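The tour moves from one residue selection to the next.

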Amino acid sequence: MADITVDTKGMACPMPIVKAKKALDSLAPGQTMEVLSTDKGSLNDFQAWVKQTKNELVSHEEDNGIFKFLVKKA
């Protein structure tokens, strides 16, 4: 269960990352954030972003064109 959910469905790059970064900044280390996105490029974007920011991509899945990412703040 995520501490916060960020719904970026319908938004194109770079907005899902921008919204996710803003939300993640409000969390304490160890807390998790779920991001929902319909952007087809979001998987690559999130994988690169968590590497860059040293956060952890706990899981990702796609269900009916909706990508769900669970990110843990470092």
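What follows is a list of stops, with what to look for at each.

**Before you start**

This is a predicted model, in which local features need pLDDT of at least 70, side-chain atom pairs count only at pLDDT 80 or more, and totals for chains, interfaces and linings use all residues. Numbering runs from 1 along each chain as its sequence is written, and side-chain values use heavy atoms, with hydrogens and water left out.

**Stop 1: Asn-55**

Select Asn-55. Its place is the loop between α2 (42–53) and β3 (56–63). Helices (H or I, at least four residues) and strands (E, at least two) are DSSP runs, numbered from the N terminus.

Is Asn-55 buried or exposed? Asn-55 is buried, at a relative accessible area of 15%. Buried means under 20% relative accessible area, exposed over 50%, and partly exposed in between, with a 1.4 Å probe and protein chains only.

Now show the side chain. Asn-55 and Thr-53 are joined, side chain to side chain, by a polar contact of 2.8 Å. A side-chain polar atom of Asn-55 also lies 2.8 Å from the backbone nitrogen of Ala-74. A polar contact is a pair of N or O atoms within 3.5 Å; within protein, one must be able to donate a hydrogen and the other to accept it, and residues adjacent in sequence count only if both atoms are side-chain atoms.

Not counting residues up to four places away in sequence, Asn-55 touches Leu-24, Val-50, Val-71, Lys-72, Lys-73 and Ala-74. Contact means heavy atoms within 4.5 Å.

**Stop 2: Gln-47**

Move to Gln-47, in helix α2. This residue is partly exposed, at 33% relative accessibility. Beyond its neighbours within four places in sequence, Gln-47 is in contact with Leu-57 and His-60. Check a C-alpha distance too: Gln-47 and Phe-69 are 22 residues apart along the chain, with 9.7 Å between their C-alpha atoms.

**Stop 3: the rings**

How many aromatic pairs does the structure hold? There are three. Rings of Phe, Tyr and Trp (its six-membered ring) pair if their centres lie within 6.5 Å; planes under 30 degrees apart count as stacked, over 60 as edge-to-face and the rest as tilted.

Select Phe-46 and Phe-69. Their ring centres are 4.4 Å apart and their planes at 20°, so this pair is stacked. The pair links distant parts of the chain: Phe-46 sits in helix α2 and Phe-69 in strand β4 (residues 66–72), 23 residues apart. Both Phe-46 and Phe-69 are buried.

The rings of Phe-67 and Phe-69 have centres 6.5 Å apart and planes at 15°, so they are stacked. Phe-67 is buried, as is Phe-69.

Ring pairs link Phe-46, Trp-49, Phe-67 and Phe-69 into a cluster.
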